[in-house]
Amino acid sequence: MTLSAPGPARNLPQYGALIAVLLANWLLFPDFFAIRLQDGRLFGSLIDVLNRGAPVALLAVGMTMVIATRGVDLSVGAVMAISGAIAATMTGAGWSLPAVLAASLAAGLLCGLWNGVLVAVLRIQPIIATLILMVAGRGIAQLVTEGQIVTFTSPALAFIGSGSFLTVPMPVVLTIVLLAVTALLVRATALGLMIEAVGINRLSSAGAGVNTPVVLVAVYVWCGLCAAVAGLIVTADIRGADANNAGLWLELDAILAVVVGGTSLLGGRFGLVLSVVGALIIQSMNTGILLSGFKPEFNLIVKAGVLLVVLLLQSPTLTLFLPRPRGARPIGTVKPPVAPTSGGAKP
Amino acid sequence: MSRKWVISAATAAAALMIGFSGLGAVQAADKKLVVGFSQIGSESGWRAAETKTAKAEADKRGIDLKISDAQQKQENQIKAVRSFVAQGVDAIFIAPVVATGWDSVLKEAKEAKIPVVLLDRQIETKDPSLYMTAVTSDTVHEGRVAGEWLAKQTGGKCAVVELQGTVGSSPAINRKKGFDEIVAKNPGMKIVRTQSGDFTRAKGKEVMESFIKAENGGKGICAVYAHNDDMAVGAIQAIKEAGLKPGKDILVVSIDGVPDIFKAMSEGEANATVELTPNMAGPAYDALIAFKKDGKAPPKWIQTESALFTPDTAKAEYERRKDAY
């Protein structure tokens, strides 16, 4: 199978963690899975998880491709701010929706092209190359908005953030579409293989005939496009572009989502759907914390604790100690470390 | 070495010329005050409004205001203060970007006998004689004013959800403290949910969405108290998307007084805001003029008014503000 996982057990930590976090949310808040229709739109905490998780999931889709080439894109948060700033400012100036969308997405593509050229042609280390735009990009966004929160009233643009398609919120629809397109591009063609080849060894893959600069530029451009769509969503959601805060630190959440999804930062093998699952794990925790009524001081601690467990479950060293079902097809659940001598019967 | 000489000679000449021209001005228009203002930068709409208001208030009083933008860096502010001292201005205003590290440069100003006024933020120093006065808002009081309005409006019976500012930031701590004081006085008032919305619209909306679900679809919520207007604007959208009416089904009270909340109030979607006035320089000019006139030092702290605004004046206030921010 082209998903390149050795077996279904490989994905269990991610799906298991997502289900565990969702169940924990359900225990904290019994109505967690309750869904109803509100103004023709699905409404419920589970929908919130999908809806609020959409921007990071989008970033994670683009980021997965970049990380698979052994790179990283730190600029996605800033690109979100730029695309949002352009969208809100142009809408305020009276441009039509197609023009606004085209300009915002073009800005994302251009940012991706810039990163790609720095990495692929000028051979600057990705972390430094994209750091440039991470810092400068927010400044560009602030220049566009002149340091203000630029608000707009256009229902057409707002639809991207709070509208719905067949009762599904638009951010979720856009994420599914972009995920499907990306998966089709990389798995139905040889592109995915080339991306993995570049990530494993750039020189050898060049020697084997892969046009490595083109592959590298392409993944950064795609990442920029995903970030621009995410930027449009957050801007449309609050009906305003907040250049100081839009997408702030989301690059880290996106990298985290990819890593939680099991893609190695050392490049090579990648799993697109699992990265989105990673983003949903993060968002389920965020939403769960909000529903739980914990004090805000605990937010980051709870998050860090759960993530630590998920990452430990994937640790090659620790998984050696986990009980593994025998046989050719390991389908048993991977449980958190349990002492092998399972006695301890309660009175 | 020689280049340094040239530069310092040029600086001295420039300082002299500025000194002379300043002197000329003093003789021409009788005693036109020159004030140097080291502003933090332009990180928010409020900050931009503060700078704009400082200029307008200076014009009103015939004061010559020199503004230096520090771009969020203390080293730039220190440089600016030194340059103001070299220019021999009549007073220096500082909106300090951080609380510590001001002692040595303020000593230089003190030795040059130039009074220093702090705007909108305090500093930490062992020697309070280093500055003449500080003009700031009392953020605890802001929380109190918001709480008192809500207590009065609801007859002291209200289940409140609170959108806090960034965890650990001083306005978030103080605005919570002031509001909590009023809640403690009214047994019918209760904060049922409180979470951080990071002072942003996006987080304010996300947190409010969860609050509404957690409190029986919003039926259990009487009011939302947001530590700033931006979070309130986000919360208003969340309330609307849940099929409720902000301002009626759930009351909305917040702090800052930015134009967008006045717009929301004029549309009946918000109920009250406590203004953090951007006019910090006005009271500082008045204190300075009084000090220059009869040498009477102002109190160490000038508290700005935390005025409450409600929908009846919202439309006019919005028109008045939309260009200032």
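Tutor: A salt bridge is a side-chain nitrogen of Lys or Arg within 4 Å of a carboxyl oxygen of Asp or Glu, and a residue is called buried at under 20% relative accessible area and exposed at over 50%, with partly exposed in between (1.4 Å probe, protein chains only). This is a predicted model, in which local features need pLDDT of at least 70 and side-chain atom pairs count only at pLDDT 80 or more, while totals for chains, interfaces and linings use all residues. Side-chain values use heavy atoms, with hydrogens and water left out, residues are numbered from 1 along each chain as its sequence is written, and chains are lettered from A and ligands numbered from 1 in the order in which they are written.

The part to look at is Glu206(B), which sits in helix α7 (residues 201-214) of chain B; helices here are DSSP runs (H or I, at least four residues), and strands are runs of E of at least two, numbered from the N terminus. Glu206(B) is buried yet has no salt bridge, and Lys203(B), the nearest side chain of opposite charge, is 4.3 Å away, where Lys and Arg count as positive, Asp and Glu as negative, and His and the chain ends are not counted. Leaving aside residues up to four places away in sequence, Glu206(B) touches Arg52(A), Gln283(A), Asn286(A) and Leu290(A), contact meaning heavy atoms within 4.5 Å.

Chain B also has a part in covering helix α13 (residues 299-314) of chain A. The buried residues of α13(A) are Asn299(A), Lys303(A), Leu307(A), Val310(A) and Leu313(A). They lie on the same side of α13(A), because they cover an arc of only 115 degrees around the axis, taken from the directions from the helix axis to the C-beta atoms. On the other side of α13(A), Ile301(A) and Leu308(A) are exposed. The cover over the buried residues of α13(A) includes α12 (272-292) of chain A and β7 (189-196) of chain B.

How values were computed:
Expected span 1.5 Å × (residues − 1).
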